[in-house]
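The structure comes first, and the notes follow by topic.

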Amino acid sequence: MKVVLASKNKHKLVEISKITEKFDIELVLQSELGIDIDVEETGTTFEENSFLKAEAVMKASGLPALADDSGIAVDALNGEPGVYSARYGFDDSLDDWGRLELLLKNTEHVPDGQRQAQFVCVITMVTPEGKTIQARGEIHGELLREARGENGFGYDPIFYYPPMGLSTAEMSPEDKNKVSHRANALNVFYEKLKEAGYADK
């Protein structure tokens, strides 16, 4: 089944494709089909924003579309940046590293032992037939005080995963794809795909 990934983020395509290899899904970026739309993420939850992106790209392509909405939620900041992780600070001059540094600055006052955080991912597929399949995954850890590791992207260098004793940027891609929020969401998504008859049981 050919499915359009509602994203321009090549990192996401690589990471999701590695996990969906077993799904019998041919995943292509929306840009590969000449689709250049920026969906306004007006939702207040990962579920709402994931659906908005998938639905818009499905309508533009006429193909099933898969969208991922994900971010980091810090307990001491009441779940921020959450759905605004990719726009944290609402400053267009900030890149991924700038947003990471802003989060570190905004959590300087949070003592050790109280720096719990979660990566959250919601995967949504919308089909031209009107079917919606949605799944959520999380990974729980702690916020570091400085960046560690060269792998991954986004907030990976400051997210520490205690069971492995590593930041998610220190993990190999193979190890990260076993435990990440995206992997957890996609595993649930795969079970729902099978239930809906889109994948072999």
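E41, K53, D69 and R87 are linked in a network of salt bridges, a salt bridge being a side-chain nitrogen of Lys or Arg within 4 Å of a carboxyl oxygen of Asp or Glu. By this rule the count comes to 13 salt bridges. The model is predicted, so local features need pLDDT of at least 70 and side-chain atom pairs count only at pLDDT 80 or more, while totals for chains, interfaces and linings use all residues. Residues are numbered from 1 along each chain as its sequence is written, and side-chain values use heavy atoms, with hydrogens and water left out.

**Salt bridges**

- K53 and D69, both members of the network, form a salt bridge whose closest N and O atoms are 3.0 Å apart.
- K53 lies in helix α2 and D69 in strand β3 (residues 65–74), so this pair ties together parts that are 16 residues apart in sequence. Helices (H or I, at least four residues) and strands (E, at least two) are DSSP runs, numbered from the N terminus.
- K53 counts as buried at 9% relative accessibility, and D69 counts as buried at 4%. Buried means under 20% relative accessible area, exposed means over 50%, and partly exposed lies in between (1.4 Å probe, protein chains only).
- E47 forms a salt bridge with R136, with the closest N and O atoms 2.9 Å apart.
- E47 is partly exposed, with a relative accessible area of 25%, and R136 is partly exposed at 37%.
- R99 and D96 meet through their side chains in a salt bridge of 2.9 Å, N to O. Both residues lie in helix α3 (residues 96–106), 3 residues apart, or about one turn of the helix.
- R99 counts as buried at 12% relative accessibility, whereas D96 counts as partly exposed at 39%.

**Packing of α1 and α5**

- Two packed helices are described by the angle between their axes and the distance between the axes.
- Helix α1 (residues 10–20) and helix α5 (residues 181–195) pack at an angle of about 45°, with their axes 10 Å apart. That makes α1 oblique to α5.
- Axes are lines fitted to C-alpha atoms, for helices over the stretch in contact, and angles run from 0 to 180 degrees between N-to-C directions. Angles under 35 degrees count as roughly parallel, over 145 as roughly antiparallel, 65 to 115 as roughly perpendicular, and the rest as oblique.
- The crossing of α1 and α5 is right-handed, meaning that the near helix is turned clockwise from the far one by less than a right angle.
- K12, E15, I16, I19 and T20 in α1 meet R182, A183 and L186 in α5, where contact means heavy atoms within 4.5 Å.
- By class, this contact has 4 nonpolar, 1 polar and 3 charged residues. Ala, Val, Leu, Ile, Met, Phe, Trp, Tyr, Cys and Pro count as nonpolar, Asp, Glu, Lys and Arg as charged, and the others, Gly among them, as polar.

- The buried residues of α1 are K12, L13, E15, I16, I19 and T20. What covers them includes β1 (2–5), β2 (26–29), β3, α4 (173–179) and α5.
- K10 is also placed in helix α1, but counts as exposed at 63% relative accessibility. K10 and L29 are 19 residues apart in sequence and 7.8 Å apart in space, C-alpha to C-alpha.
- R182, found in helix α5, counts as buried at 2% relative accessibility.
- Leaving aside neighbours within four places in sequence, R182 is in contact with K12, E15, I16, I19, D68, S70, C121 and F153.
- The C-alpha atoms of R182 and P162 are separated by 18 Å, with the two residues 20 apart along the chain.

**Backbone geometry**

- The peptide bond from E80 to P81 is cis, with omega near -5°, and P81 is placed in strand β4 (residues 80–81).
- N78, in the loop between β3 and β4, has phi near 55°, a positive value in a residue other than glycine. N78 counts as exposed at 74% relative accessibility.
- F90 has a positive phi of about 45° although it is not a glycine. F90 lies in the loop between β4 and α3 and is exposed, with a relative accessible area of 60%.
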